[in-house]
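These are my notebook entries on one chain, taken in the order in which I looked things up.

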Amino acid sequence: SSEALDCLEEFAALMQESGRSVDAVRVHAATAAIRDRLTIPRLQRAESRRLASLGAAREVLGEAAFEAVWADGATWALDDAIDAALSFAGEPVLAA
């Protein structure tokens, strides 16, 4: 559903902000592929955060690695993206 994909994209942005660029790109790619297959539009208000997350990941990974990780994530099923998000959500938060 649209809400599930919206949540996954939020998790992907949080992953990127936490330094998990590879996982973030995979989840972003998975949600993009699922949206395309099911013709589910993205909320316009979330687009700027998504683009910023992808830009940061591209900068960290470099173009070739980003494209390779994107291609991998685009093959993921919804369950794969959910598993990655749940794995990230279950990590302990370290105090600064």
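I first looked at what the buried residues of H1 pack against, and found H2, helix H3 (44–61) and helix H5 (78–89); contact here means heavy atoms within 4.5 Å, and buried means under 20% relative accessible area, with exposed over 50% and partly exposed in between (1.4 Å probe, protein chains only). Helices are DSSP runs of H or I with at least four residues, numbered from the N terminus.

Before going further I note that this is a predicted model, in which local features need pLDDT of at least 70 and side-chain atom pairs count only at pLDDT 80 or more, while totals for chains, interfaces and linings use all residues. Residues are numbered from 1 along each chain as its sequence is written, and side-chain values use heavy atoms, with hydrogens and water left out.

Helix H1 (residues 2–17) has 16 residues and spans 23 Å from its first C-alpha to its last, close to the 22 Å expected at 1.5 Å a residue, where the expected span is 1.5 Å times one less than the number of residues. Its buried residues are Leu 5, Asp 6, Leu 8, Glu 9, Ala 12, Ala 13, Met 15 and Gln 16. An α-helix has 3.6 residues a turn, so residues three or four places apart point the same way. Just after H1, I found Gly 19 with a positive phi of about 90°.

I then turned to the nonpolar cores, each a set of buried Ala, Val, Leu, Ile, Met, Phe, Trp, Tyr and Cys residues joined through side-chain atoms within 4.5 Å. The largest has 14 residues, of which Leu 5, Leu 8, Met 15, Val 27, Trp 76, Ala 81 and Ala 84 touch the most other members. H1, H2 and H5 are the elements that give two or more residues to this core. Apart from it lies another core, of five residues, including Leu 54, Ala 57, Phe 66 and Val 69.

Next came Arg 35, which is in helix H2 and counts as buried because its relative accessible area is 3%. Leaving aside neighbours within four places in sequence, Arg 35 is in contact with Ser 2, Leu 5, Asp 6, Glu 9, Ile 40, Pro 41 and Arg 42.

Last, I checked Ser 21, found in helix H2 (residues 21–38), which is buried because its relative accessibility is 5%. The side chain of Ser 21 makes a polar contact with that of Gln 16 at 3.0 Å, a polar contact being a pair of N or O atoms within 3.5 Å, of which, within protein, one must be able to donate a hydrogen and the other to accept it, with residues adjacent in sequence counting only if both atoms are side-chain atoms.
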